[in-house]
Amino acid sequence: MIGTIQPKEEDDESNGERFHVKLNTTNKSISVKPENMVVCNYETKNMFSRVDEHNDSKKLAKTIVIALFDLNRMGLLPDISETGNKLTVLFAGASEKYETNADYSLLYEELQRTYYPTLETLSIVLCGPELPTPARKKQISANVEVATISLTVEKAYKRNCAASMGGFISCLIVPGFTTYLDPWTPGINCLLELGIPTIVTCYSDVESVTDDALFDMDVMIRYFGANILIPMSKNPHYLGRDQPVYKNAYYFVFAGRDEEADRLIVPAQEFKISLLSGYMRFQCDYYRKNEPSYAKACNKIAKYLENGQIPFKNQSTDDLVRLANIMMLEEF
């Protein structure tokens with residue numbers, strides 16, 4: 001798999017270069033190498049109003065708006081003209097700690113100021129099994145309402161309601177596919193059936209990316225056959241780990257299934273082995289300089305998974321990290 005950084009074509013609105021990971025032309029996969037996700041300088045921040053750079057809610061709002069900026073450039077911005085100037089934003093897999101504490105009036109202000117000057121109602125739907133029960137709806141302001149549903153997305157939304165999804169986007173905030181792929185599978189399949197634009201955000205770590213930014217888009221393509229609208233992109237507001245946007249350092253957008261999904265999708269077990277071995281090779285690359293013994297153990301595990309010396313039992317990444325630590329200690 002080969003991934004390279006390419007500048008996105010500029011136009012008068014971009015105010016600077018936007019870099020994306022270039023998809024492999026053969027299988028649309030990305031390379032599992034940290035150096036393929038270089039840190040870039042951006043000038044697009046001046047698109048936004050000047051606000052407190054350390055406010056988590058404002059960072060969340062800006063992340064969503066920058067993704068919509070890309071969709072707008074492609075002519076794929078959700079239309080609210082037939083929904084009474086109402087935009088619905090679904091946060092699938094929402095957590096009580098993060099999404100329930102955000103100030104969505106800031107998101108409304110950013111959306112109205114940038115792409116939806118006629119926006120009258122912003123409807124936020126927080127959906128996830130970790131949310132408190134019972135379901136409830138709260139009017140945050142005259143223009144913003146927040147509904148909380150303590151269900152998984154596939155239970156909350158019927159697959160046959162895609163036709164009524166005008167003026168609708170969804171967001172997955174750091175879903176952690178490498179660790180929670182199986183629990184996410186029914187919900188992702190539901191979102192793919194609905195066909196709504198879905199923004200996925202990913203963690204980063206200091207000056208290098210973590211497994212989220214490296215693997216999540218690959219999961220959506222080769223495991224789910226998703227149609228990628230916006231490839232993995234660096235959030236121009238991300239300046240370092242000590243800022244709240246650390247949770248949303250990278251993002252990509254998908255909607256529905258790719259026309260060539262049958263060709264792109266890899267058999268489940270084969271893909272999971274590839275994902276786990278790729279994750280351990282990333283750990284090897286990341287820790288090679290400072291913790292060479294641990295890096296060596298990670299590389300061995302990747303090799304053993306691929307050749308069958310370690311039987312595949314649907315292990316988690318945490319299971320393999322623990323195994324690497326055991327192998328490292330056994331060498332001393």
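Predicted model: local features only at pLDDT ≥ 70, side-chain atom pairs only at ≥ 80, totals over all residues.
Begin the tour with the cysteines: the structure holds zero disulfides.

**Stop 1: the cysteines**

Select Cys298 together with Cys284. Cys298 takes part in no disulfide, and the nearest cysteine sulfur, that of Cys284, lies 6.7 Å away. A disulfide requires two cysteine sulfur atoms within 2.5 Å. Cys298 is buried, and its relative accessible area is 0%. Cys202 may be displayed next; this residue is likewise buried, at a relative accessible area of 0%.

**Stop 2: the whole chain**

Return to a view of the whole protein chain and colour it by secondary structure. The chain comprises nine helices and 12 strands. Of its 332 residues, 55% are buried. Consider next the contacts between residues at least 6 apart in sequence: 73% of these join residues at least 24 apart.

**Stop 3: strand E4 and Leu126**

Select Leu126, which belongs to strand E4. Is this residue buried or exposed? Leu126 counts as buried, with a relative accessibility of 1%. Leu126 and Thr148 are 22 residues apart along the chain, while their C-alpha atoms are separated by 4.8 Å.

To see the surroundings of Leu126, display the residues that it touches beyond four places away in sequence: Phe91, Ala94, Glu99, Thr100, Tyr104, Leu131, Val146, Ala147, Thr148 and Ile149.

**Stop 4: the largest pocket**

Move to the largest pocket, which contains about 620 Å³ of space.

Helix H3 (153–156) and helix H4 (177–194) each provide at least two lining residues. The greatest contribution to the lining comes from H4, with four residues. Colouring the lining by residue type gives 14 nonpolar, six polar and five charged residues.

**Stop 5: a cis peptide bond**

Select Thr133 and Pro134 and inspect the bond between them. The peptide bond that joins these residues is cis, with omega at about -5°. Pro134 is placed in the loop that connects strand E4 (121–127) and strand E5 (136–139). For context, most peptide bonds are trans, and most residues other than glycine have a negative phi.

**Stop 6: two asparagines with positive phi**

Select Asn85 first. Although Asn85 is not a glycine, its phi is positive, at about 55°. Asn85 is placed in the loop between helix H1 (56–73) and strand E3 (86–92).

Then select Asn314. Its phi is also positive, at about 60°, although Asn314 is not a glycine. Asn314 is located in the loop between helix H8 (292–307) and helix H9 (317–330). With a relative accessible area of 39%, Asn314 is partly exposed.

**Stop 7: the end of helix H5**

Go to helix H5, which spans residues 211–222 and includes Arg222. Arg222 is buried, with a relative accessible area of 10%. Show its side chain together with that of Ser274. What joins the side chains of Arg222 and Ser274? They are joined by a polar contact of 3.4 Å.

**Stop 8: the loops on either side of helix H6**

Select Asp258, in the loop between strand E12 (250–257) and helix H6 (261–264). Asp258 is buried, with a relative accessible area of 10%. Its side chain reaches the backbone nitrogen of Glu260 at a distance of 2.7 Å.

Finally, select Pro267, which occupies the loop between H6 and helix H7 (268–287). Is Pro267 buried or exposed? Pro267 is exposed, with a relative accessible area of 52%; the cut-off for that class is over 50%. Pro267 and Tyr223 are 44 residues apart in sequence, and the distance between their C-alpha atoms is 7.7 Å.

Key
Residues numbered from 1 in each chain as written. Heavy atoms only, no water. Buried < 20%, exposed > 50% of the residue type's maximum accessible area, 1.4 Å probe, protein only. Polar contact = N/O pair within 3.5 Å; in protein donor to acceptor, adjacent residues only side chain to side chain. 1 Å grid on protein atoms, 1.4 Å probe; cavity = no way out; pocket = protein on both sides within 12 Å on 5 of 7 lines; lining within 4 Å. Points joined across faces, edges and corners; volume = space filled by probe spheres on them. Nonpolar A, V, L, I, M, F, W, Y, C, P; charged D, E, K, R; others polar. Contact = heavy atoms within 4.5 Å.
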